[in-house]
Amino acid sequence: MKNFRADIHCHSTYSDGTFTPEELILEAKKIGLSGLSITDHDTINAYDEAFALAQKHDLELIPGIEFSTVYNGKSIHILAYSFDVHDPRVREFCERHQRRRTNRNRAILEKLRSAGMPIEEKELQSTSTVGRPHIAQAMIAHGYVSSINAAFNQYIGDNKSCYATGDSFSTEETVELIKEINGIAVIAHPHLVYSPGTVQQLLALPFDGIECYYAKLNPSQEKRWLKIAKERDLLITGGSDFHGSVKPDIPLGCSWINEETFSRLKERYVENTT
Ligand code: AMP
Ligand code: FE
Ligand code: FE
Ligand code: ZN
């Protein structure tokens, strides 16, 4: 198909995005995308409604998720695609993540309270996954900070005074789960991995692809990841990481994959569900 573009990295109201699944699908149609994957943090609950909506609005949708993992003490995001969303193994893994997040968020709220910035847990609203952007929004609502960036930079960003790590899931066990459910495992936004050497180390794990195209990535960065992906015969993926008004300068569809790559994901999805 001519002009086929698919954005396979975006977030909905089921995690820290501000668009509902239907709003994401309508926006995708409006800007002329042919395919989409909604990759919420640590939840696949958007797919309870998203498949029917994609069909209604005639958009191709492949299941996806962005897992939070920890590798050598550092945060690493892993994208997974094309698994069966009804597989109990992925559902159970997501439930464990939700329990981890409840405890972690409580620990962050406790630190904020001690620092004179009380917030009630019930103020944090999301359809499924509650994360730090929700906490940042509550901080703004209370007038503790003036922007989401300020909340992260001053208090709740990694290693800041009110951050708490809580339990974590290792990158290894996450990739293992993705392989068990025959999904496609991709290193998300490798430029945000704390050192290029770490990306090389991560590639010792059985990843299927690297996210080489990403919002606002400069061409020299892109080239670096494309070279590594080609050398290792890995899938080259891309997406915007659209979050709606939480990250207002990043539009849906600003990074995308072509029809050939999307077909690879689709074939695997069909394999897993027929
Ligand atoms: P969590 O998964 O709850 O630990 O929160 C991390 C998420 O916060 C990331 O996936 C980003 O989407 C978001 N985030 C991190 N820094 C910022 C920022 N400065 N502004 C908006 N969102 C951010
Ligand atoms: Fe996010
Ligand atoms: Fe991410
Ligand atoms: Zn993301």
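A residue is called buried when its relative accessible area is under 20%, exposed when that area is over 50%, and partly exposed in between, with a 1.4 Å probe and protein chains only. The model is predicted, so local features need pLDDT of at least 70 and side-chain atom pairs count only at pLDDT 80 or more, while totals for chains, interfaces and linings use all residues. Residues are numbered from 1 along each chain as its sequence is written, ligands are numbered from 1 in the order in which they are written, and side-chain values use heavy atoms, with hydrogens and water left out.

**Exercise 1. The zinc ion**

Task: Find which residues coordinate the zinc ion (ligand 4), and describe the arrangement of the donor atoms.

Solution. Begin with the meaning of a donor, which is an N, O or S atom within 2.8 Å of the metal (3.2 Å for Na, K and Ca); water is not among the atoms, so sites may look incomplete. By this rule the zinc ion (ligand 4) is coordinated by His9 (NE2), His11 (NE2), Glu66 (OE) and Asp241 (OD), at 2.0 to 2.2 Å.

Next, turn to the angles: four donors count as tetrahedral if all angles lie between 85 and 135 degrees, four count as square planar and six as octahedral if opposite donors are over 155 degrees apart and all others between 65 and 115, and anything else is irregular. The four donor atoms around the zinc ion (ligand 4) subtend angles of 83 to 177 degrees, and the arrangement is therefore irregular.

His11 lies in the loop between β1 (6–7) and α1 (21–30), and Glu66 lies in strand β4 (residues 64–71), 55 residues apart. Both His11 and Glu66 are buried.

**Exercise 2. The two iron ions**

Task: Work out which residues are the protein donors of the iron ion (ligand 2), and which residues coordinate the iron ion (ligand 3).

Solution. Asp16 lies in the loop between β1 and α1, and His243 in the loop between β8 (235–239) and α9 (259–273), so the pair ties together parts that are 227 residues apart in sequence. Asp16 and His243 are both buried.

For the iron ion (ligand 3), the coordinating residues are Glu66 (OE), His77 (ND1) and His189 (NE2), at 2.0 to 2.3 Å. His77 is in strand β5 (residues 74–81), whereas His189 is in the loop between β6 (184–187) and α7 (196–202), 112 residues apart. His189 counts as buried because its relative accessibility is 7%.

**Exercise 3. Helix α3**

Task: Determine how many residues helix α3 has and how far the helix reaches.

Solution. Helix α3 (residues 88–114) has 27 residues and reaches 39 Å from its first C-alpha to its last. The expected span is 1.5 Å times one less than the number of residues, and the helix is close to the 39 Å expected. Among the buried residues of α3 are Val90, Phe93, His97 and Arg101.

Conventions
Helices (H or I, at least four residues) and strands (E, at least two) are DSSP runs, numbered from the N terminus.
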